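Let's take a walk through a protein structure together, one feature at a time. Have a look at the picture before reading on.

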Amino acid sequence: MSLPLPDRVFQLAYDPGISPKGGGLPGLSVLKNVVNSINLFGIVAVVGALAVSLGVWAWGHHTGGHQAEANGKKGAVVAAGAALGLGAANGVIAFFSGLGSQVH
């Protein structure tokens, strides 16, 4: 027996039956490789930024350049934050994806 239209619409809005599933579209492995490469590139860039920032911090401290010292500190904190974000990106997305799948 078929449900009346309002009941079918309510059921569709309640549970459309859609969930993430691998293998549905071609090129998923290529996309994963591209994203992994972008993440690695970001981490390498952050290592360079941290090295430069620490050098500016040390140079500013030893020459008495308070502005350079402050900029080196800010750069080091930003680089550390960027490294934290890049390293935790997978876990953060997995956490919120799992949290979102629990919403009913």
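To talk about how helices pack, we need axes: these are lines fitted to C-alpha atoms, for helices over the stretch in contact, and the angles between their N-to-C directions run from 0 to 180 degrees. The helices themselves (H or I, at least four residues) and strands (E, at least two) are DSSP runs, numbered from the N terminus. What you see is a predicted model, in which local features need pLDDT of at least 70 and side-chain atom pairs count only at pLDDT 80 or more, while totals for chains, interfaces and linings use all residues. Residues are numbered from 1 along each chain as its sequence is written, and side-chain values use heavy atoms, with hydrogens and water left out.

The protein has 3 helices and 0 strands, so its elements read α-α-α from the N terminus on. Of its 104 residues, 10% count as buried, where buried means under 20% relative accessible area, exposed over 50%, and partly exposed in between (1.4 Å probe, protein chains only).

Now find helix H2 (residues 28–63) and helix H3 (residues 66–101): they pack at an angle of about 160°, and their axes are 7 Å apart. By class, the contact of H2 with H3 has 14 nonpolar, 7 polar and 2 charged residues. Here Ala, Val, Leu, Ile, Met, Phe, Trp, Tyr, Cys and Pro count as nonpolar, Asp, Glu, Lys and Arg as charged, and the others, Gly among them, as polar.

Ala80 lies in helix H3 and counts as partly exposed, at 45% relative accessibility. The C-alpha atoms of Ala80 and Val46 are separated by 7.8 Å, although these residues are 34 apart along the chain.

Side chains of opposite charge can pair when their charged atoms come close. How many salt bridges does a search of the whole structure find? It finds 1, a salt bridge being a side-chain nitrogen of Lys or Arg within 4 Å of a carboxyl oxygen of Asp or Glu. Lys73 forms a salt bridge with Glu69, and their closest N and O atoms are 3.9 Å apart. Because the two are 4 residues apart in helix H3, about one helical turn separates Lys73 and Glu69. Lys73 is partly exposed at 37% relative accessibility, whereas Glu69, at 15%, counts as buried.
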